[in-house]
Amino acid sequence: RYSCRDCGHRTTQPLPEPRENSAVEFITDLPPSGVYFFTAAQNATPVHPGFWKNALAYCEVFGAALVVSGYRYRNPTSVWSGRQSDDEWWAPEVVPFLYQTRSAVNPILQFLGDVFTQATAVRPLTGFESVTGESSCILPHAKIQVRTVPTPAHRYPKIMMTTGACTLPNYTKTKAGALGEFHHSIAGIVVRISDDGRFSAQHVIAQKNGAFYDLTESGVVKVENGKVTTGHKLAGLVQGDTHVDYVDPGVVAATYENDNSIASAGDPNWLVWHDLIDLASRNRFANDPFIEVAKRRSGADSVYDELCRGWKFHDEMTRKKKSAIVPSNHTNSRLQWYMRETDWRQDPANAEFYFETGLQMLRSLQETTAGPVYDDPFTYWGKKLSKAPNVRFLERDQSFRIAGIECQYHGDVGPGAARGASLENMRRIGPKVIFCHTHTPGTEEGAMTGGTSTRLRLGYNVGPNGWMNSHVGIYPNGKRTHIFIMDGSWTY
């Protein structure tokens, strides 16, 4: 065995001479820029050549500052270094862009480039919720994870994100290593900041050859073979819960109406809708006679009128695009509850609506191998009221995939008929999936959840809150990204 005179480290395989890159000096100050491209690199591991070439091309075209944060991993079975535990070297391509710094990207976003999280961490963001105080944060790590942390009512929730990596998978032949390799993402985060302190952050996740898409203010771009091309479109846009009577006007403008709206820039093939209406006209959770009087005075106690408002909004925003209506609790489940439990004699404002709907349910009733079934009242009225040409009404447990991503679930029913879906239980179901319902965006492995299109305070969600205005965009190659909306804007 050999022992180092300086540090006392012992080894049976001393290096004959130092590695050329073994004394890398990390950069400690972020360069000033309005656009950043954050990613991570593992020590003693080469870059993904296609992705690296495309990242450089993207940064050149959009004037982005490329920031690579190194992280270390001890892997005695490494393909590229038999003595990785003794080697402190980095792929020469990343050396000019290596940062080891904890810096404020802007007043409400921090980059934790000085944190070397274990490469095989199952939950890389766990434990960092309070590290950056009230600021959102980006953590360098090869596994993609996104979550929001509830904050006081006067602030947006904290957004926590990992970057993905620009280096190839390089893990031990162990259970932890196998899981780390499976969830290893060749990816980065593009961050755009404004002069007034706001920011947008979107993942760019590469396919096998390193090509990736990005949704920009001027449209969807594709970066492949070192070239940036325009004229692409989103395969789908899964929108945060609508609840039309409580929808935020800024979200409506950012999503549909502005010249640079998400629907305009992304031009999605499919618009996916969750909880189109709230059914506040007959909400079973508002057992408050004063609220009922207020609804009667304002004319907000008509179920039919609320359905008309919902479908009018849907048609105006959908126009001629293809639209998918996901069965949801505020729409389908609550309207079915209303029809089952209501005594029409106690609800004269909705008597005519009740009888017409009930008659249709009775006429459509039939016995099947799964038991008695009848027309869903929300779907029945949607087909009568909607004038949009390309609407698809999904049924419960009817598969609906966009670019391979399962989009049939709302999230009010979880796996095994659990009371609700969560990122924790939906990540295990097999296919990659997008659902909503919680109003809290996040990513855990193959599962993603969208946010809400409503105002962030609705009277009943008191206390610290993790609700966020956001949608999920699906690119043609099946890669996905959260699209956050702050102060009526989604990009800067």
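**Burial, pairing and salt bridges**

Reader: Why is Asp267 called partly exposed?

Author: The relative accessible area of Asp267 is 30%, and since partly exposed covers values between the 20% limit for buried and the 50% limit for exposed, Asp267 belongs in that class. The model is a predicted one, and the value is computed from its atoms.

Reader: How do you know that the side chains of Lys321 and Asp267 meet in a salt bridge?

Author: The N to O distance between the side chains of Lys321 and Asp267 is 2.6 Å, and the criterion asks for a Lys or Arg side-chain nitrogen within 4 Å of a carboxyl oxygen of Asp or Glu, so the pair qualifies. It joins distant parts of the chain, with Lys321 in the loop between H6 and strand S18 (322–325) and Asp267 in the loop between helix H4 (262–266) and strand S17 (270–273), 54 residues apart. Lys321, for its part, counts as buried because its relative accessible area is 19%, under the 20% limit.

Reader: What makes Glu445 count as buried?

Author: Glu445 has 18% relative accessibility, and because buried means under 20%, that value places Glu445 in the buried class. Glu445 also forms a salt bridge with Arg427, their closest N and O atoms being 2.9 Å apart. Glu445 sits in the loop between S25 and S26 and Arg427 in the loop between helix H10 (423–426) and strand S24 (433–435), so this pair ties together parts 18 residues apart in sequence. Through shared partners, salt bridges join Arg123, Lys143, Glu424, Arg427, Arg428, Glu444 and Glu445 into one network.

Reader: Why is strand S13 (residues 212–216) described as largely enclosed by the rest of the structure?

Author: Five of its five residues are buried, and strand S13 is therefore largely enclosed. The cover extends to both faces, with Phe212, Asp214 and Thr216 buried on one side and Tyr213 and Leu215 buried on the other.

Reader: How do you know that the span of helix H6 (residues 303–318) agrees with what it should be?

Author: At 1.5 Å a residue, the 16 residues of H6 should span 22 Å, and the end C-alpha atoms are 22 Å apart, so the two values agree. Just after H6, Arg319 takes a positive phi of about 55°.

Technical notes:
Residues numbered from 1 in each chain as written. Predicted model: local features only at pLDDT ≥ 70, side-chain atom pairs only at ≥ 80, totals over all residues. Heavy atoms only, no water. Buried < 20%, exposed > 50% of the residue type's maximum accessible area, 1.4 Å probe, protein only. Helix = DSSP H or I, 4+ residues; strand = E, 2+ residues; numbered from the N terminus. Expected span 1.5 Å × (residues − 1).
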